[in-house]
Amino acid sequence: MKSKLLVTFVLSVVLLGVCGPLLAHHGNVAYENKLSEFKQATVTKFAWANPHSLIEFDVKDAKGTVVHWTAETASPEALKLIGWNKSSLQPGDVISVFMYTAKTGLPAGRLNKVVLPDGSTLHDTQLGGDSGNKSGYGPDAGGNPGTGNKDAK
């Protein structure tokens, strides 16, 4: 009986050791802690796909050179819960993007929120919450899921 318990314990420890790194996929250590803002960004593509939707956009850097960026968001199912849909962003839309950029310096990052041409705001689920709780979650949420959180600016 003791040997079966020991074998079960050892196998459990090994399983946790092997599976632990899989959970790291959802860590945010790859991104800066400081929020970056990109004004007058032109959407080139909005990929409504699993496991993460992607927003691709062009924006001019300090030297006036156009740089192509990619912002990772949550899954489509998670985004639907807070007012997004597959046509929330269209190529050619000029938006402001707030995101946590990659520490590697590559033009990529994790989305915080976007401000749409009409002034409405769409937040991301994982990092998009703010002090006003405008992500659309919870009983005191300030957002308005389904309408683009128009009161969140």
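**Entry 1: strand pairing**

I began with the strands and found that β1 and β4 pair in the antiparallel sense over seven bridges. For my own notes, two strands pair if DSSP finds at least two bridges between them. Helices (H or I, at least four residues) and strands (E, at least two) are DSSP runs, numbered from the N terminus. One bridge I looked up joins Y31 to its partner A102 in β4.

I then turned to the other partner, β2, which runs antiparallel to β1 with five bridges joining the two. Here F46 stands opposite I55 of β2. I also noted that β1 and β2 form a hairpin, with six residues between them.

**Entry 2: what I am looking at**

A reminder to myself: this is a predicted model, where local features need pLDDT of at least 70, side-chain atom pairs count only at pLDDT 80 or more, and totals for chains, interfaces and linings use all residues. Residues are numbered from 1 along each chain as its sequence is written, and side-chain values use heavy atoms, with hydrogens and water left out.

**Entry 3: the whole chain**

I listed two helices and six strands in the protein chain. Read along the sequence, they follow the pattern α-β-β-β-α-β-β-β. I see 153 residues, of which 35% are buried; buried means under 20% relative accessible area, exposed over 50%, and partly exposed in between (1.4 Å probe, protein chains only).

Next I checked contacts, meaning heavy atoms within 4.5 Å. Of those between residues at least 6 apart in sequence, 53% join residues at least 24 apart. The accessible surface comes to about 9200 Å², and 61% of that belongs to carbon and sulfur atoms. These areas come from the Shrake-Rupley method with a 1.4 Å probe; for residues, only the protein chains shown count as cover.

**Entry 4: the core**

Which residues have the most contacts inside the largest nonpolar core? I found I55, F57, W84, L89, I95, V97 and V114, in a core of 22 residues. β1, β2, β3 (66–72), α2 (76–80), β4 (94–102) and β5 (108–115) each supply at least two residues of this core, and β1 gives the most, with four. The term covers a set of buried Ala, Val, Leu, Ile, Met, Phe, Trp, Tyr and Cys residues joined through side-chain atoms within 4.5 Å. In soluble globular proteins, nonpolar side chains tend to be buried together.

I followed V114, which lies in strand β5 and is buried, with a relative accessible area of 0%. Leaving out residues up to four places away in sequence, V114 touches I55, W84, I95, S96, V97, S120, T121 and L122. I also saw that the C-alpha atoms of V114 and F98 are separated by 6.1 Å, although the two are 16 residues apart along the chain.

S96 sits in strand β4. Is S96 buried or exposed? S96 counts as buried because its relative accessibility is 17%. Beyond residues up to four places away in sequence, S96 touches F38, K39, Q40, K113, V114 and V115.

Last, I looked up H52, in the loop between β1 (31–47) and β2 (54–60). H52 is buried too, with a relative accessible area of 15%. A polar atom of the H52 side chain lies 2.9 Å from the backbone oxygen of T73.

Methods:
Polar contact = N/O pair within 3.5 Å; in protein donor to acceptor, adjacent residues only side chain to side chain.
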